[in-house]
Amino acid sequence: MTRRLLIRATGAARPGQLAGLGQALARSGARLLDINQSVTFGMVSLEALVGLEHDSDLEGALNEVGDILGLDVQAIQVSAEDYQRWSSQASEPRLILTLLAPHLPAGILAEVGALTAEHGLTVELIHRLSGREPLDGGVPRFGSCVECWLRGEEIDLDSLREKALALGAMHGVDIAIQEDSIWRRHRRLVCFDMDSTLIQAEVIDELARRHGVYEEVAAVTERAMRGELDFQQSFRERMAKLKGLDEAVLAEIAEELPLMDGVERLMKHLKRLGYRTAILSGGFTYFARHLQETLGFDEIHANELVIENGKVTGEVREPILDASRKAELLREIAAREGLAMEQTIAVGDGANDLKMLAAAGLGIAFRAKPLVRSQARQSISTLGIDAVLYLMGYREGDLEDDSRAG
């Protein structure tokens with residue numbers, strides 16, 4: 001009859017410990033059923049589940065080796081029922097919960113622990129994706145990020161996300177929850193809105209200011225937000241007010257566009273890692289093309305201003321790129337590239353992006369209004385746009401080390 005033991009070894013990490021414990025297990029004839037080891041702040045924690053087919057003084061041998069290696073070693077008997085429960089848990093769905101903020105308050109862990117327990121979730125692993133906190137107590141260069149792996153069954157994901165959003169707002173922390181799958185590690189296409197996502201501006205507002213019609217354009221925008229106009233109607237009305245604007249103003253605005261925090265770092269890594277990138281914008285191709293030349297996007301799709309004799313006519317070429325067209329383009333690009341929709345990522349800030357965010361495998365509302373954040377599956381509000389890399393599962397240290405090596 002198989003006897004199962006959980007071997008737990010802890011102590012100050014040093015070379016040779018795994019070899020010594022492995023040799024003791026081998027001499028006893030133990031079969032390795034599972035193993036996990038981590039080192040945090042110089043302290044090692046190793047757990048190994050083993051099976052024994054015959055009697056042996058494994059516990060004594062491990063204690064003897066532990067004394068030599070400077071480890072506290074425990075051997076815990078595992079019943080058949082406990083082993084079966086552990087095996088069945090391994091087949092339960094896994095969720096990835098990510099905490100992001102300039103600083104992570106310690107209290108958030110207790111709150112997240114209570115929230116996950118309320119939904120019957122077990123925390124399997126917690127690890128840090130961001131770099132270490134500065135010794136002087138300053139804000140980490142790329143913010144703080146911790147990733148938690150959760151398991152459970154019959155999860156009410158909508159309820160969990162709703163409560164996590166409220167909890168995050170209370171503490172000034174972004175809490176993102178996504179389902180784990182093979183696709184999470186094989187995303188290949190990232191599509192972005194432009195205005196207030198890649199740049200810290202709404203281009204149409206900047207054009208209106210230069211043309212002296214900002215208040216008139218803002219009034220049309222307000223009517224659209226009240227639901228009196230749909231996107232295409234409001235877009236045409238706003239465009240009409242730009243009639244006669246000098247083309248030279250477009251070049252001036254393009255050169256002065258303020259980039260969103262972190263966009264250059266994000267694009268550097270996405271290109272180096274082989275992702276295809278696209279701009280899908282309800283803004284204008286003139287400015288999207290400028291960003292393409294500056295940051296290296298693979299393709300752009302936006303609205304094209306009609307310019308005649310060096311003046312904006314107040315019209316755009318059809319079809320107008322609206323919310324539905326953004327989602328269609330995301331699907332078209334994925335199909336053309338031979339990608340499953342689960343391999344796509346979309347990032348945007350407005351209601352006009354919601355269909356695109358819903359269609360993507362990973363849809364992220366970036367610095368969006370509360371209504372958009374509540375409807376999107378994931379959101380980032382506390383860090384720069386390069387925090388998208390954290391939701392993709394990348395560690396800061398791996399990215400920066402690999403970048404330097406390249």
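Predicted model: local features only at pLDDT ≥ 70, side-chain atom pairs only at ≥ 80, totals over all residues.
Two or more lining residues come from each of α6 (203–211), α7 (214–225), α8 (231–240), β10 (276–284) and α14 (370–375). These elements are DSSP runs numbered from the N terminus, with helices (H or I) of at least four residues and strands (E) of at least two. By class, the lining has ten nonpolar, eight polar and eleven charged residues. Here Ala, Val, Leu, Ile, Met, Phe, Trp, Tyr, Cys and Pro count as nonpolar, Asp, Glu, Lys and Arg as charged, and the others, Gly among them, as polar.

Residues are numbered from 1 along each chain as its sequence is written. Local features need pLDDT of at least 70 and side-chain atom pairs pLDDT 80 or more, while totals for chains, interfaces and linings use all residues, and side-chain values use heavy atoms, with hydrogens and water left out.

One of the pocket's elements, α6, also packs against another helix. The axes of α6 and α9 (residues 247–256) come within 11 Å and cross at roughly 130 degrees. Axes are lines fitted to C-alpha atoms, for helices over the stretch in contact, and angles run from 0 to 180 degrees between N-to-C directions. The angle therefore makes α6 oblique to α9; under 35 degrees counts as roughly parallel, over 145 as roughly antiparallel, 65 to 115 as roughly perpendicular and the rest as oblique. E206, L207 and R210 of α6 make the contact with V249, L250, E252, I253 and E256 of α9, where contact means heavy atoms within 4.5 Å. This contact has four nonpolar, no polar and four charged residues.

α9 packs with α11 (residues 285–295) as well, at an angle of about 40 degrees and with the axes 10 Å apart. This pair is therefore also oblique. From α9 come L250, A251, I253, A254 and E255, and from α11 come Y286, F287 and H290. Six of these are nonpolar, one is polar and one is charged.

In another pair, α1 (residues 17–27) and α2 (residues 58–69) pack at about 160 degrees with axes 10 Å apart, so they are roughly antiparallel. Q17, G20, L21, A24, L25 and R27 of α1 meet L58, L62, V65 and L69 of α2. The contact has seven nonpolar, two polar and one charged residues.

Two backbone sites remain. Most residues other than glycine have a negative phi, and most peptide bonds are trans. N309, in the loop between β12 (305–308) and β13, has a positive phi near 55 degrees. E318 and P319 are joined by a cis peptide bond with omega about -5 degrees. P319 is in the loop between β13 (311–316) and α12 (323–336).
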